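Thanks for asking me to look this one over.

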Amino acid sequence: MQTDFVGPVTRFASLPDTPHVGHDESRRLLGDNPAEDAVSRVIAWAHAQPDSTLRVSHVRDWHDADDPLQCGHLEHFGPHCLKNSPGAQFVFPLDGILPDKELTILNATGLSNFATSDIDEVLAPHGGHALRAGLMGVWTEAKITFLAYDLRSRYPRFQLAVCSALTASSSRENHFIAMGGSAAARSRDPLAGCDRVGARGAANVTAPDNGTQPS
Ligand SMILES: [Zn+2]
């Protein structure tokens with residue numbers, strides 16, 4: 001989760017020309033106290049787990065405005081998450097990480113993490129295992145849904161979980177539709193096969209077969 005997507009904004013502030021989720025969804029994720037919000041607490045918990053229990057991968061939008069291949073994406077969504085810019089920073093702290101923990105940070109340049117980042121190289125060695133993976137991030141109806149679809153397609157043994165409190169969308173309606181919150185939505189459920197977990201849910205993580213799932 002990065003500033004240009006979910007960073008705090010005041011209620012009546014005009015949104016930057018970016019794929020920001022807006023005040024209400026940002027506040028739902030981050031709350032009023034950065035030390036106590038759901039995202040920061042889950043991230044802190046995940047970063048404190050040994051790799052033998054839980055592996056953590058952060059996929060971040062990481063754009064280069066001079067790359068012709070990214071021009072269309074940046075024109076469509078507006079300039080956002082330009083590499084090394086304040087807007088590309090994570091909204092959660094990276095301190096308190098277990099000393100020997102190996103965080104994986106993947107740079108993505110489009111809506112599909114598999115098409116525009118090295119995520120497949122990270123996951124391929126685990127493809128034959130029934131890993132439990134929790135997804136968190138934005139937007140629920142886009143990158144989270146696409147990631148879940150790709151994971152289900154490429155790694156059918158993985159057990160996926162998506163937590164409503166740790167995901168958000170361009171609108172709350174789109175979020176709940178993507179989460180399959182109504183009968184009509186479930187009939188066209190993009191996250192079919194994923195477990196929906198409660199507010200004390202999951203991070204963007206992979207765990208070994210005997211690992212523990214965030215709870
Ligand atoms: Zn982008």
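**Notes on the model**

1. Let's begin with strand E3, where Arg 132, Gly 134, Met 136 and Val 138 point one way while Ala 133, Leu 135 and Gly 137 point the other way, and all of them are buried. Here a residue is buried if 20 or more other C-beta atoms lie within 10 Å of its own, exposed if 12 or fewer, and partly exposed in between, with C-beta atoms placed from the backbone. In a regular strand the side chains alternate between the two faces of the sheet. In E3, seven of seven residues are buried, so the strand is mostly covered.

2. Before going further, a word on what you are looking at. This is a predicted model, in which local features need pLDDT of at least 70 and side-chain atom pairs count only at pLDDT 80 or more, while totals for chains, interfaces and linings use all residues. Residues are numbered from 1 along each chain as its sequence is written. The term pLDDT is the predictor's confidence in each residue, from 0 to 100.

3. How confident is the prediction, going by the mean pLDDT of the protein chain? The mean is 84, and 81% of the residues reach 70 or more. Confidence is highest in E1, at 97, and lowest in strand E6 (residues 205-207), at a mean of 43. Please be careful with residues 198-215, where pLDDT stays under 50. The model has 67 contacts beyond four places in sequence for that stretch; two residues are in contact if their C-beta atoms, placed from the backbone, lie within 7 Å. Where pLDDT is low, the predicted coordinates should not be read in detail.

4. For the overall picture, the protein chain has nine helices and six strands. These are DSSP runs, numbered from the N terminus: helices (H or I) of at least four residues and strands (E) of at least two. Of the 215 residues, 36% count as buried. Among contacts with a separation of 6 or more, 69% join residues 24 or more positions apart.

5. Back to E3 and its partner. E3 and E4 pair in the parallel sense over six bridges, where pairing asks for at least two DSSP bridges between the strands. Arg 132 has Gln 159 in E4 as its bridge partner, and Ala 133 has Leu 160. The chain crosses from E3 through H7 to E4, a right-handed β-α-β crossover: with the strands pointing away from the viewer, the path from the first strand over the helix to the second runs clockwise.

6. The largest nonpolar core has 37 residues, and Met 1, Val 6, Val 39, Leu 135 and Val 138 have the most contacts inside it. Such a core is a set of buried Ala, Val, Leu, Ile, Met, Phe, Trp, Tyr and Cys residues joined through C-beta atoms within 7 Å. Elements giving two or more residues to this core include helix H1 (3-6), strand E3 (132-138) and helix H7 (140-154). The largest share, five residues, comes from E4. Beyond four places in sequence, the contacts of Val 6 include Met 1, Leu 29, Val 91 and Val 138.

7. A cis peptide bond is worth a look: the one from Val 138 to Trp 139, with omega near -15°. Trp 139 lies in the loop between E3 and H7. Trp 139 is also among the contacts of Ser 169, along with Val 138, Thr 140 and Glu 141. Ser 169 sits in the loop between E4 and helix H8 (172-178), and counts as buried because 22 other C-beta atoms lie within 10 Å. Its C-alpha is 6.5 Å from that of Glu 141, 28 residues away in sequence.

8. Finally, compare two residues in the loop between H4 and E2, Cys 81 and Asn 84. Which is buried and which is exposed? Cys 81 is buried because 23 other C-beta atoms lie within 10 Å, whereas Asn 84 is exposed because it has 7 C-beta neighbours inside 10 Å. Phi is positive in each, near 50° for Cys 81 and near 70° for Asn 84. The contacts of Cys 81 include Gln 2, Arg 60 and Trp 62.
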